[in-house]
Amino acid sequence: MSVASYGQNQASKHSVKGVVLDEKGEPVIGASVKVPGSKNGTVTDIDGNFTLSVANENATVEVTYLGYDAQRVKVSSGKAATVRLTQNSQNLNEVVVVGYGTQKKVNLTGSVASVSSDKLTNRVESNVLSAIQGTVPGVTIISRPGSTPSINFRGRGNLGTSEPLYVIDGVIADATFFQNLDPESIESISFLKDAASSSIYGSRAAYGVVLVTTKQGKKERMSVSYSGMVGVKTPTYLPDLISSSEYAELLNEAMYNRNPTGGKNQAYTAEQIGWFKDGSKPDYYPNTDWMDLTMDKHVATTQHSLNVSGGSDKVQYYLGGGYQYNDSFIRGRNSNRYNFNMSLSSKVNNWLAVNGSAKYIRNQNETNQGVPDFTSFLLVPSTMVAKQSNGEFGSISGGQQATLEFINRNPLRRLSKKDWSKSAFENSLYSVGMDITPLKGLKISASGSYKRYEYKYKSYSAKQDAVNNFESGNPISGTSSDVNKMSMSWSSSSRLQTNLVATYNFNIAQDHSFTLLAGTSYEDNKYESLSGSRKNFPTETLESMGAGSSAPEDISNGASMSNYKLMSYFGRINYSFKDRYLFEANVRTDGSSRFYKSERWGWFPSFSAGWRVSEEEFMKPITWINNLKIRASYGTLGNINNVGNYDYFQLYDKSGNYVFDKVPVEGIAESKPANRTLTWEKVAIADVGVDLDLFDNHLSVVADYYVKKTSNILLGYNVPVETGITQAPSQNVGKVKNTGFEMAVTYRNKISDFRYEVTGNISFNKNKIEDLSGSDNMIQNGGDKIRYILKEGESIGSFYGYKTAGLYTQKEIDEGHYYTLGRKPNAGDIKYVPQRDNVEWGSAITDEDRTIIGCDVPKFTYGLNLNLGYKDFELSLFGQGVAGAKVAFESEQVWAFFLNSNPRKFHLGRWTEANPNPNANYPRIYGGVSQDTYNQNFSDRQLFSANYFRIKTITLGYRLPRTLVNRIGLNSVKAFVTGENLFTFRGDNIMKDFDPESVSGRSVSALGEKSIAFGLNVEF
């Protein structure tokens, strides 16, 4: 054992030993172990072990290490001590990754938040964006089932795309690459939220920057680590459908409500309802559960990562690989993901260092049969026979021949089709660089990177025989699929990027510290796609496109390509006086090929300042304040994501054929007019913040207030159809303002062997459209009936419809206290409220009575993180929620018997003659062949609370004793069990069977997931 000692007391007679570990049980190399008040001490070796001679058999030693809380422990010569250090996340020397460099957290003047790797690991959720949901105040992430998670920094900044910029190890990437990184390969993630921290990235940083640092090799012996888990996933929510007998009874009621003179058994007799209940005639009166027949409600998931790292003074290396498998709730579907990450750095000599890295991600999705869509689970009622007793697919629904819609949408029949599909995307990122240090404090970095994305998709739609009439045995016309078809598509995008950055650090008279940065970057982006299809294949087993028909009418194809470039220059100056007064200035200018030459260049400056009040002399007596910093910033950023690559050109597209001399000639026509005045969308952000650490850094508070204004918003505007223009022309129009407050509070402490940390964060944001350049009150379709509106003074995401005031009573109808909407209402119908003044009873509700009825943007978001530890046991819990948001549904998702679809349990809480509740969950129910649409006008009755608090993850872990794992040649072993999305507390108490993060629209297109998994972390 190699031990470095200094100032050892000559009178020492007793030897004490021990090991110093971090919170994860890893050895801490180079920790100081010292007898308090003396010079007698040592440092830990490569295994975290120490040996120290002390004067007494029982002594106290103090253990310290950068970034961790100091600890005093009692040691004795007869027993080896185990010291576990607790990380101090607010240590004044903590370094945070910022644009083109790093800074001490204590010296930051911008609004930057960071997430460390321990918040991402041991999670069933492998999408990195979903994994960090709710951890960063001011960053709103919504993980909608079946969709890519969406992210917004400090509110919606414009009327189109407001996605942040992603930078991985200094290289521009994208959301797809970021989300599919192996969480085990990530060292840290920084979120640049204000202009001061983001403006160094200029034109793409208008809506925030996500900086990712992946794990690199370190100067240590080779370390091998494995992390893996196996788990089971189930849906968070399933549509809670009524049974076939309930369907029959409810349909009778619905038809009676529409036509009382027809009696109360217009759809089904009492005897037929009895057959539904007892199942005695399954070929005519079944009780079909489509989800049971076609879905697996418990499916497998597994993840595995293996990483190797190490190095010497000259060379450091890191090599990692990951694999993930996910089964689908719909049978016959699965997905696989493969990750590879490699980095190598070498210090050639005292002034030259070189580095290189490669990252590769491959996602595969396969389907080996037909796929029923989730809409069919609602549209095809439980009264429909899935399969007749003779083995043929159902043709009967509710005792009579089913409609073609029901027969063709039969989920079990769709599942049986010999369709298949295969898709894969490959994302790769390669970079090389070198650092030159020609003199002290000056570093010149040159780097080049190449990112490539390639997507391949191939699918086959097979023929399908007609369904036979169960009674006659004859094929039913319109139920067969007589043409098969194979389709293929391919697309590829690439980005070539070069950077040259010089950084110079120097001091003047010790008290004045400067950091100067200057750089330039160049990007070349290319995109290309191809697609094609063929029909009429001779058999259903062929996989080659060439086996299809070569007839012109059976072939289709398409292609596209585009290219754009960006040239940039940027600089930054940091100044610090005694680490007390801080100043930073950034400037960046970008030139984009997307704009005409006169509008091509944009300038994006920012300024920020900080005052570390705690460093003032008058603060020294206040010992319980460890750090108090006040900071402020202002700057401008740019955006080009909402503009096309060629919008300052007139664009043309293929048009109809023209005949010249009896010969048809394909024509072209203008599809989009040019706009040479198009220029940068700009965002100006002002931010004031406070960083506060109290009580020996046990309590930490970070708070920010901001104002963010977006101007020159890039947006396409509508033109009359008569112009022949098929693409909306682009223009700079509108202004949007976001104001908000965000705060994060952390308290950490340790009581003997028990350690704990609690973090809470909350963000408030108010969004307002300030100017639409004369295009106020822009109504936008959100579905068949759902409407949004862009209106000055209101928020983006505002729903536009009718306000209601419960349901009409029979007394109100009899007294004439009602308004019409297409027809006179009945008792139990929705009571629409006019917004015009002095509207008399009996008058018609019109479009002018529509108003803003809600918004899909949360008013505030919040998160809670709890970490507990006792000796070798660890328990962590993380929860996240939103408040003040609405979700809108329509069609079969909300209206009973829409297209004769299957109602859900919440429809049973309807208004009835027996229970004429004017505040019932659902109005008077209607149904039958002819739809009554009175209650289907878009109103606040179709809005449901999207508020929720969800326990995102709970993890219980146990680290095996070090003495045990060392015997088998291992450094550490941790076993854990983790649960994801296990508990949700929802604001909606009406529908109850949808995931509160669902997207507005018609029905639920995908299911949310909750899971439980068992895993193991091993380090060799």
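Reader: With which side chain does the side chain of D647 make a polar contact?

Author: This is a predicted model, in which local features need pLDDT of at least 70 and side-chain atom pairs count only at pLDDT 80 or more, while totals for chains, interfaces and linings use all residues. Residues are numbered from 1 along each chain as its sequence is written, and side-chain values use heavy atoms, with hydrogens and water left out. A polar contact is a pair of N or O atoms within 3.5 Å; within protein, one must be able to donate a hydrogen and the other to accept it, and residues adjacent in sequence count only if both atoms are side-chain atoms. Here the side chain of D647 makes such a contact with the side chain of K672, at 3.0 Å, and a polar atom of the D647 side chain lies 2.9 Å from the backbone nitrogen of G644.

Reader: Is D647 buried or exposed?

Author: Buried means under 20% relative accessible area, exposed over 50%, and partly exposed in between (1.4 Å probe, protein chains only). D647 has a relative accessible area of 3%, and is therefore buried.

Reader: Which residues of helix α5 are buried?

Author: An α-helix has 3.6 residues a turn, so residues three or four places apart point the same way. Helices (H or I, at least four residues) and strands (E, at least two) are DSSP runs, numbered from the N terminus. In α5, residues 270–278, the buried ones are Q272, I273, W275 and F276. Seen down the axis, they fall within an arc of 155° (taken from the directions from the helix axis to the C-beta atoms), so they line one face of the helix. The face turned away from the buried side carries the exposed A270, E271, K277 and D278.
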